[in-house]
Amino acid sequence: MMFGVFDGHAGAACAQAVSERLLHYIAVSLMPRQSLEEIELAVEAMKPVQPILQWHKHPNDVEYQEITSQYFENLRVYWQHLLDLDTETGFSLEEAMICAFKRLDSDISLEVQAPQENELMRNIALQVAFSGATACVAHIDGVHLHVANTGDCRAVLGVREEDGTWSTLPLTRDHNAYDEFEIRRLKREHPRSEEKTLFVNDRLLGILMPSRAFGDVQLKWSKELQHSILENSCDVEALNIYQYVPPNYHTPPYLTAEPEVTYHKLRSKDKFLVIASDGLWEMLSNEKVVKLVAGHLTELNMQKPPLIFKKPVNLGYMHNLLLQRKSKGLASLDQNTATHLIRHAIGSNEYGEVDPEKLAAMLTLPEDLARMYRDDITVTVVYFNSETIEDYYRSHE
């Protein structure tokens, strides 16, 4: 199974496109040669293609049919490239995820450079390339967990220790100006004369918080290419595309979509994985997030006490019994754990408790004001079945 969180900036177009496309690129990267050959033969013969993925999508996720066909054509070019490689062994999981991330970012960049008759598709390609998105994808196969991360989304494991306490295990690093590895990486990739201008006010070239992302061609292309593409475009202002060349823009690209991939072998004490955009982690620490999920999990698992009848039964006795049960089995405010985390992230007071008035105020802010008070937040919580994990180790002893 694969799970992903995609966080857009400078508009939603890039995040939307990456969320629809990236998992397909990873799936194709992992497919055996025979499966790729079968798909290619089916497309050539204009026969229906077996779905590459079984999607569990939100009902509100809309895909444009025209756009989907173009995306599919570029995915096909990618699998043809994989068939041309003629490698027997195929990619390791880490290689597949890295290759998929980089290839999709390359396709996003090339699609906007290709001549395009259809104005709608041209406009969408422009919006996707000139906005940006960070991405964090988890791939789970039995007890094998790989997490690929580009940018400042974060994946954290909730671990229940033998003594019953909870601990956190971060599986990603935030790619930004606060990370020493990222600072050193960028300094290695650019001349020494640019050392002081790579990060200004803790932002890449003084503009972008994350130091890895999809899209954002303003920080990847040459000035000449940016100028020629935007010059030939229609109304750039209407598309909300920011036209700027940062100061000290000398040796692009300054940004990469290459992910960092972490591997973790699941243990029976690993109970859940939280993947979320930076909006959550700005408000809650790793430890607080794990504590909230663990508490919520305990609350949901509380068994309602059974109704034990003493005879004879009268209405007064029944009424008291139901009141007792109600007081013991307190129903959680949120059935959904991700909702529970978001409620705490934006509605907590200084005591760490949800303040209904603050929560209501934060949720009803007009769109143009909301960004000043809170970031958009996306959260996915994945629970692990400890018995299945234990069975795996028993059968592999």
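Two strands pair if DSSP finds at least two bridges between them. Helices (H or I, at least four residues) and strands (E, at least two) are DSSP runs, numbered from the N terminus. The views below show a predicted model, in which local features need pLDDT of at least 70, side-chain atom pairs count only at pLDDT 80 or more, and totals for chains, interfaces and linings use all residues. Residues are numbered from 1 along each chain as its sequence is written, and side-chain values use heavy atoms, with hydrogens and water left out.

**View 1. Strands S4 and S5 form a hairpin.**
Val-156 stands opposite Pro-170 in S5. Val-159 faces another residue of S5, Ser-167. Strand S4 covers residues 154-160, and its pairing with S5 is antiparallel, over 5 bridges. Between the two strands lie 5 residues.

**View 2. Four strands make an open sheet.**
The order is S5-S4-S10-S11, and the pairing is antiparallel. Which strands stand at the edges? They are S5 (166-170) and S11 (379-383). Each has a single partner strand, so one side of each is left without a neighbour in the sheet. From one strand to the next, the twist averages 20°. (Angles run from 0 to 180 degrees between N-to-C directions; axes are lines fitted to C-alpha atoms, for helices over the stretch in contact.)

S4 is joined to S10 by 6 bridges, and these strands run antiparallel. Here Ala-155 stands opposite Ile-275 in S10. Is S4 mostly covered or mostly open? In S4, 6 of the 7 residues are buried. (Buried means under 20% relative accessible area, exposed over 50%, partly exposed in between, with a 1.4 Å probe and protein chains only.)

**View 3. Helix H11 packs on the sheet.**
H11 touches S10 and S11. (Contact means heavy atoms within 4.5 Å.) The direction of H11 makes about 135° with that of S11. Thr-337 sits in helix H11. Thr-337 counts as buried because its relative accessibility is 7%. Which residues does Thr-337 contact, leaving aside neighbours within four places in sequence? They are Val-293, His-296, Val-381 and Tyr-383. Thr-337 and Val-381 are 44 residues apart in sequence, yet their C-alpha atoms are 7.0 Å apart in space.

**View 4. Helices H11 and H12 cross.**
Two packed helices are described by the angle between their axes and the distance between the axes. H11 spans residues 337-347 and H12 spans residues 356-363. They pack at an angle of about 95°, with axes 8 Å apart. That makes H11 roughly perpendicular to H12. (Angles under 35 degrees count as roughly parallel, over 145 as roughly antiparallel, 65 to 115 as roughly perpendicular and the rest as oblique.)

From H11 come Arg-343, Ile-346 and Gly-347; they meet Lys-358, Leu-359, Met-362 and Leu-363 in H12. The residues of this contact divide into 4 nonpolar, 1 polar and 2 charged. (Ala, Val, Leu, Ile, Met, Phe, Trp, Tyr, Cys and Pro count as nonpolar, Asp, Glu, Lys and Arg as charged, and the others, Gly among them, as polar.)

**View 5. Aromatic rings form pairs.**
A pair of aromatic rings is described by the distance of the centres and the angle of the planes. How many aromatic pairs does the structure hold? There are 8. (Rings of Phe, Tyr and Trp, its six-membered ring, pair if their centres lie within 6.5 Å; planes under 30 degrees apart count as stacked, over 60 as edge-to-face and the rest as tilted.)

The rings of Phe-101 and Phe-214 have centres 5.5 Å apart and planes at 35°, so this pair is tilted. Phe-101 lies in helix H4 (residues 93-113) and Phe-214 in strand S8 (residues 214-215), so the pair ties together parts that are 113 residues apart in sequence. Phe-101 is buried, at a relative accessible area of 0%. Phe-214 is buried too, with 0%.

Tyr-392 and Tyr-393 form an edge-to-face pair, 5.3 Å centre to centre with 85° between the planes. Tyr-392 is partly exposed at 21%, and Tyr-393 is partly exposed at 30%. Ring pairs also link Trp-166, Phe-272 and Tyr-383 into a cluster.

**View 6. Arg-21 is a buried residue of helix H1.**
Helix H1 spans residues 13-30. Arg-21 counts as buried because its relative accessibility is 3%. Not counting residues up to four places away in sequence, Arg-21 touches Tyr-71, Asn-74, Leu-104, Asp-107, Ile-108 and Glu-111.
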